[in-house]
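Here is a short note for a colleague who has not seen this structure before. Please read the points with the model open.

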Amino acid sequence: MAVTITYVDASGSVGKSVTHVPAATTLADANTAAAGLVTDLLAVSDCQVIAYSITYGVTNTTPAAPAAGSRVENKALFAFRTAAGKLARISVPGIKAAAVAASGGIISTDADVAALITNLLAAPWCDSNGSSLDALVSDAQVFRSTSKRQYTTDVSPSS
Amino acid sequence: VAQLLPAAELHATLRDETDSRAAWRVSLRPSTAPAAAAAAAVDLLNRLDALSGCSPTGFSIVYPYHVSDAPASGPQQRHQVALFVFRCDGVDQWLTLTVPGIAETYITATPGRVIDTAATPIVNLVQAVIDGQFCNPFGYQVVALETAFVQFVP
């Protein structure tokens, strides 16, 4: 798993360095190792270490083929009320047509939609402040870009 | 002292028919152990998969820690990077560790902008990497420092 350390220099520019610990390392041990490394890095660098993160990565080596006609821009957007009273939004790229009503809303009685919502309302999911997702307040189909790596079918690297 | 932020994150990537990628993020409680978080992520992505025409290609669980808001301790900019090359316990296995803003004190006058590996803080850093169960991206354990020099990274 990766340990990514973020630095800032006197001009405010941000730099990063990355190292790794074995995948079986516990989070507590990885944190101890990272904190020790940061102490020694601070002694030799003029930059300040402002943050680090520990990342457990999982790659699907045999991903299923995407469905014909799927587009990441075609999203379902769900808004949740959190325990702190704020809104948290979660989108589903490539929402299936069967889950979208003619009005543009999402069919919340669809079994797959209901299963996803039920899962998101349970632990461990929360918003970015650590507040739990308490209730779904709205849903809709939206068309939004997600990343820079977007192609039309005729310029796809696999075509 | 590093402080774990209020939420960890699940970062997933999905791919559609045109090979366009979507990054998908959901926050989770940072007290969730990595194995439990990974199991929850698989469960959630299975449900997402049932609802989306896109297919998940992988995910990661990120635990972010805040260290300090203090200003930089010296004038050196992050572009001056010390590159430490470590040998690992496998044939042709290496770990490179970069240190942005390496202090001028630790650069020798030797041509090639070599790092002074005899300086105590450098010795401590190298020892921390070797003793701290760090490895390269392929899981090979770090054994020894091979070389260390300065690079300019724009």
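1. Start at one residue. Leaving aside neighbours within four places in sequence, Ser52(B) is in contact with Val92(A), Pro93(A), Gly94(A), Ile95(A), Lys96(A) and Leu14(B). Keep in mind that this is a predicted model.

2. Where does Ser52(B) lie? It lies in the loop between α1 (34-51) and β4 of chain B. Is Ser52(B) buried or exposed? Its relative accessibility is 3%, so Ser52(B) counts as buried, the cut-off for that word being under 20%.

3. On chain A, it reaches the backbone oxygen of Pro93(A) at 2.5 Å. On chain B, the side chain of Ser52(B) reaches the backbone nitrogen of Cys54(B) at 2.9 Å.

4. Now step back to the whole interface. Chain A brings 86 residues to the contact and chain B brings 80 residues. Three residues stand out on chain A: Val44(A), Asp46(A) and Trp125(A) supply 11% of the area that chain A buries against chain B, more than any other three residues. Between them, the two chains bury about 6900 Å². Of this area, 61% is on carbon and sulfur atoms.

5. Polar pairs are also found here. Across the interface of chain A and chain B, 39 residue pairs are in polar contact, both residues being at pLDDT 80 or more. Which elements of chain A each supply at least two residues of the side that touches chain B? They are β1 (2-8), β2 (14-20), α1 (27-44), β3 (48-59), β5 (87-93), α2 (111-121) and β6 (125-126). β3(A) gives the most to that side, with 12 residues. By class, the side of chain A that touches chain B has 44 nonpolar, 30 polar and 12 charged residues.

6. To find one of the bridges, go to Gly57(A): its bridge partner in β4(B) is Ser60(B).

7. Next, the salt bridges. Side chains of opposite charge can pair when their charged atoms come close. How many salt bridges does the structure hold over all chains? It holds seven. Glu17(B) lies in the loop between β2 (8-15) and β3 (21-28) of chain B, and Arg71(A) lies in the loop between β3 and β4 (74-82) of chain A, so this pair joins two chains. The closest N and O atoms of Glu17(B) and Arg71(A) are 2.8 Å apart. Across the interface of chain A and chain B, the rule finds one salt bridge.

8. Check the exposure of that pair. Glu17(B) is partly exposed, at a relative accessible area of 34%. Arg71(A) is partly exposed as well, at 30% relative accessibility.

9. Other salt bridges sit within chain B. Arg15(B) forms one with Asp19(B), with the closest N and O atoms 3.8 Å apart. Asp19(B) counts as buried, at 9% relative accessibility. Glu104(B) forms another with Arg113(B), with the closest N and O atoms 3.2 Å apart. Glu104(B) is partly exposed at 40% relative accessibility, and Arg113(B) is partly exposed at 35%.

10. One last item is a network. Salt bridges that share partners join Arg15(B), Asp19(B) and Arg21(B).

Note on methods:
Residues are numbered from 1 along each chain as its sequence is written. Chains are lettered from A and ligands numbered from 1 in the order in which they are written. This is a predicted model: local features need pLDDT of at least 70, side-chain atom pairs count only at pLDDT 80 or more; totals for chains, interfaces and linings use all residues. Side-chain values use heavy atoms; hydrogens and water are left out. Contact means heavy atoms within 4.5 Å. Buried area is the accessible area (1.4 Å probe) that two parts lose on being put together, summed over both. A salt bridge is a side-chain nitrogen of Lys or Arg within 4 Å of a carboxyl oxygen of Asp or Glu. A polar contact is a pair of N or O atoms within 3.5 Å; within protein, one must be able to donate a hydrogen and the other to accept it, and residues adjacent in sequence count only if both atoms are side-chain atoms. Helices (H or I, at least four residues) and strands (E, at least two) are DSSP runs, numbered from the N terminus. Ala, Val, Leu, Ile, Met, Phe, Trp, Tyr, Cys and Pro count as nonpolar, Asp, Glu, Lys and Arg as charged, and the others, Gly among them, as polar. Two strands pair if DSSP finds at least two bridges between them. Buried means under 20% relative accessible area, exposed over 50%, partly exposed in between (1.4 Å probe, protein chains only).
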